[in-house]
Amino acid sequence: MVNGLLVPDFIFESSWEVCNKVGGIYTVLSTRAKTLQEMMRDKIMFIGPDCWGEKPCQYFVEDETLFGEWRKEAGEAGLNLKVGRWNIPGEPIAILVDFKPYFAQKDQLYTWLWEHYGVDSLHAYGDYDEASMFSYAAALVVESFYNKYLGSEKKVVYHGNEWMTGLGLLYINKMLPEVATVFTTHATSIGRSIAGNNKPLYDYLFAYNGDQMACELNMQSKHSIEKQTAHHVDCFTTVSDITANECLELLDKPVDFVLPNGFDNSFVPKGAVFTRKRKAARNCLLRVANALLGTDLKDDTLIVSTSGRYEFRNKGVDVFIEAMNRLLRDRNLKKTVLAFIEVPGWVGEPRQDLVARLNSGKQFDTPLEVPEITHWLHNMTHDNVLGMLKYLDMHNKKEDRVKLIFLPCYLTGDDGVLNLPYYDLVLGNDLCVYPSYYEPWGYTPLEAVAFKVPCITTDLSGFGLWVNMTRGSYGEIVDGVKVIHRTDYNYSEVADAIKDTVSEYSNMTEAEIRKSRMNAEKLSKQALWSNFIKYYEQAYDFALKKAEQRKGKKNNQ
């Protein structure tokens, strides 16, 4: 016990995004891992899906010297594992488990879920089955390792992230009651669905019935597993106050703790390296833009971007485009703006005409055909970004002072056009804009400010609310983060506020820009995991005390 808190001897943590970079949860777990490793070296084990088979996984390094005896026994019991280390700062132990064999038991598992917890899996479709089988396999890993090495005298926590880990958490809850369970929903499945279906979420939240909305939006199974997991684990958590309210209204369960997402800035370059990388990023972005547009944009161009998952309304991509369109006619704008939308679409291939121009090293004065996009898409005629640009007649004309380019691929360093990873590009921006409508936390703005890039976000994001709470008032761009008030119905005002803020930034002096960048970095340091890990320690203590009570009752019987 430390400071009156029970401390786990061992933590298992599972997520579909362990060693599997598909979304923001990967960043949450992979940056927190270093802090946990420093606290309890190799007493934290991450469990993820083996999506790779025989192909190598760039995020995972297998180590056959780890737990050889257990791995052999687990294999003989039918548990197919890869044991090694997650290729991230801290290099924690990671287990990748093959979940495909359990599809044969799917019906029996769903029956068990219904009989013990009332989980409705009848309406499952899409990724529900895949996630559930992984979740079950992850729980078998916990059970097997626990029985081999740990036992009831150890204080053990099993922490699952998102509804995809629900079945496994409920299995551990039933089969290993001495293990303390923690469940974190990073966004409720039904809340995200309501917002994504263009329904007003916030003004009507008090009136929505989660079960009823799940039926209406064909989300019964995901909602059911999420709700029952929230109700039965030892400690139910989420990432922000705004999502905590959502959980109360839609899952009928108040969260036990809010666990805000922190950041590990150990990989943010410093000093001369930062300056060099920022210059390289800007050169890269300007070179690609000039080749695509047939322009000669210089380094005094104001580079702005938005990024994240391709959720057109939820992430505010629509209002970002609207703001850039209005900026075209803003008389106060003092610089040419080069804006990028960096969200992965249904990408086909890099544009060979663009690649040829880049490889030629020449300067061009005519744009390429479709000068709004860097990679061809499979669905060019049905893409939301391209559709809105067409509707607004935004085609990057030579006289336009705002140029908007769609970068529709994962920025992993091998996209065929820019060939720089996201973290090596983001620091080239002057401003980042994340005007989310639905954003439980908001990792992209936190990443931006960690790289000294001021940003614009909204008070419908957990990060935006945290900025306001930390400052004691609404953030302004000079503070490093501009927080815009957003509601279900003020889309137009939000677009104007973004336009005005970009215009304001274009008028700032060098000294004011330096101050804004410095304040952005300062703010990011308040959100380091070293400051936020205390909330996890409280959640572990809460869950362990419940498990201890169960053990006590069992011993007294």
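Start with the largest nonpolar core, which has 85 residues and in which C19 and W86 have the most contacts; a nonpolar core here is a set of buried Ala, Val, Leu, Ile, Met, Phe, Trp, Tyr and Cys residues joined through side-chain atoms within 4.5 Å, and buried means under 20% relative accessible area, with exposed over 50% and partly exposed in between (1.4 Å probe, protein chains only). The largest share of this core, 10 residues, comes from helix 10 (residues 271-293), where helices (H or I, at least four residues) and strands (E, at least two) are DSSP runs numbered from the N terminus. The model is a predicted one, in which local features need pLDDT of at least 70 and side-chain atom pairs count only at pLDDT 80 or more, while totals for chains, interfaces and linings use all residues. Residues are numbered from 1 along each chain as its sequence is written, and side-chain values use heavy atoms, with hydrogens and water left out.

Select C19 next and display its surroundings: leaving aside neighbours within four places in sequence, C19 is in contact (heavy atoms within 4.5 Å) with Y26, W52, C57, Y59, F60, W86, A94 and L96.

An open sheet of 9 strands runs in the order 3-4-5-2-1-6-7-8-9 with mixed pairing, two strands being counted as paired if DSSP finds at least two bridges between them. At its edges are strand 3 (60-62) and strand 9 (257-258), each of which pairs on one side only. Moving to strand 4 (81-86), one finds that 6 of its 6 residues are buried. Strand 4 pairs with strand 3 in the antiparallel sense over 3 bridges, with W86 as the bridge partner of F60, and is joined to strand 5, again antiparallel, by 5 bridges, where V83 stands opposite I95. The hairpin of strand 4 and strand 5 has 6 residues between the strands, and G90 there takes a positive phi near 95 degrees. For a parallel pair, select strand 6 (residues 156-161) and strand 7 (residues 180-185), which are joined by 5 bridges; N161 has T184 in strand 7 as its bridge partner.

Which residue meets D430 in a salt bridge? It is R278, at 3.2 Å, N to O, a salt bridge being a side-chain nitrogen of Lys or Arg within 4 Å of a carboxyl oxygen of Asp or Glu. D430 lies in the loop between helix 14 (422-426) and strand 15 (431-434) and R278 in helix 10, so the pair ties together parts that are 152 residues apart in sequence. D430 is buried at 11% relative accessibility, and R278 is buried at 16%. Extending the selection shows a network of salt bridges that links R278, R282, D299 and D430.

Finish in helix 19 (residues 529-556), where D541 and K545 are 4 residues apart and thus separated by about one helical turn. Their salt bridge has its closest N and O atoms 3.1 Å apart; D541 is buried at 7% relative accessible area, whereas K545 is partly exposed at 34%.

Conventions. Axes fitted to C-alpha atoms, helices over the stretch in contact; angles between N-to-C directions.
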